[in-house]
Amino acid sequence: MEKSITEDDVISLCGKVGKILLTSGAETSRVESTVEYIGKAAHYDIACHATITALFVGTNNQSRTHLVKVQLGDWNLQKVDEINTVSRKFVRGQLDFHTLKESVEKIDRKVIDFNWPLKIIGAGFVSVAPMLLFKATWTDLSYAFFVGIIGYLGAVLAGYRIKTPYVAAGCGGFIVGFLAATLQFSGLGSSAGNIIVSALMPLVPGVAITNSFREIIDRNTISGVVRAVDAVIIAGSIGAGVVIGTSLCKLIFAWIGG
């Protein structure tokens with residue numbers, strides 16, 4: 001162990017590692033194990049307890065505890081992967097402590113995101129996939145591609161403008177529902193239901209649902225329930241947006257036809 005490494009240095013770094021993992025979407029069991037492995041590799045008996053909104057890091061032979069407040073952000077599994085990679089290298093002795101600290105700070109500052117053309121095309125292909133299960137027409141499949149893209153862009157732009165949680169997902173659902181119903185009532189599309197189910201795929205909180213089940217299976221019941229409730233509220237917002245969008249479309253076409 002390097003003499004320049006103090007207990008406070010290790011606890012501070014472990015707190016930063018745990019915060020990055022939690023805010024990027026890692027489950028609490030992964031956060032706790034990663035932090036404790038880093039502590040053991042640095043020859044300190046680190047203990048960690050992680051919840052959805054806070055992280056507690058300390059040593060088993062000391063009464064002091066380092067508290068890190070956490071606010072859930074967007075999912076960023078690439079950051080989780082990079083933290084796991086550098087922590088494993090440190091545990092195997094391929095990195096020293098100071099290199100690990102620099103790597104963690106670099107990952108923390110890094111803005112990992114895909115470019116807009118790739119995100120738009122990805123949203124379109126994700127929207128098309130369920131149509132293959134429905135054995136839908138090629139026309140509806142192509143409509144789902146573009147409706148999914150527009151709904152995804154609407155949700156993202158609404159998220160920039162509106163800071164209230166869950167409203168952005170509802171806006172995306174509203175756009176998808178309105179466009180799908182418009183295509184069916186205008187005679188261009190065959191099934192608004194199929195288009196809606198497919199085009200909503202980019203908005204569905206799949207990672208949150210998966211992680212909530214993993215948390216509950218690992219008996220981290222509180223974190224699992226909180227993640228599940230968050231995912232259910234997002235899904236409910238999407239559903240409410242779809243209902244409002246389709247209902248508004250019906251009213252408009254009934255008024256035009258009447």
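A nonpolar core is a set of buried Ala, Val, Leu, Ile, Met, Phe, Trp, Tyr and Cys residues joined through side-chain atoms within 4.5 Å, where buried means under 20% relative accessible area, exposed over 50%, and partly exposed in between (1.4 Å probe, protein chains only). The model is predicted, and local features need pLDDT of at least 70, side-chain atom pairs count only at pLDDT 80 or more, and totals for chains, interfaces and linings use all residues. Residues are numbered from 1 along each chain as its sequence is written, and side-chain values use heavy atoms, with hydrogens and water left out.

The largest nonpolar core has 31 residues, and Val10, Val31, Leu55 and Val57 have the most contacts inside it. At least two residues of this core come from each of helix H1 (7–23), helix H2 (28–41), strand S1 (46–50), strand S2 (54–59), helix H3 (77–91) and helix H4 (97–109). Helices (H or I, at least four residues) and strands (E, at least two) are DSSP runs, numbered from the N terminus. H1 gives the most to this core, with 8 residues. For valine 31, contacts (heavy atoms within 4.5 Å) are found with Gly18, Leu21, Leu22, Ala26, Ala50 and Leu55, leaving aside neighbours within four places in sequence. A second, separate core of 19 residues includes Met131, Ala144, Val147 and Ala192.

Helix H6 (residues 138–161) has 24 residues. From its first C-alpha to its last, H6 reaches 35 Å, close to the 34 Å expected at 1.5 Å a residue; the expected span is 1.5 Å times one less than the number of residues. Buried residues of H6 include Asp140, Leu141, Ala144, Val147, Gly148, Ile149 and Tyr152. Their cover includes helix H5 (116–134), helix H7 (167–185) and helix H8 (192–199).

Serine 237 lies in helix H10 (residues 221–257). This serine is buried, with a relative accessible area of 16%. Not counting residues up to four places away in sequence, serine 237 touches Tyr166, Ala169 and Gly170.

A search of the whole structure for disulfides (pairs of cysteine sulfur atoms within 2.5 Å) finds 0. Cysteine 14 is in no disulfide, and the nearest cysteine sulfur, that of cysteine 48, is 7.8 Å away. Cysteine 14 is buried, with a relative accessible area of 1%. Cysteine 249 is likewise in no disulfide, and the nearest cysteine sulfur, that of cysteine 171, is 17 Å away. Cysteine 249 is buried, with a relative accessible area of 0%.
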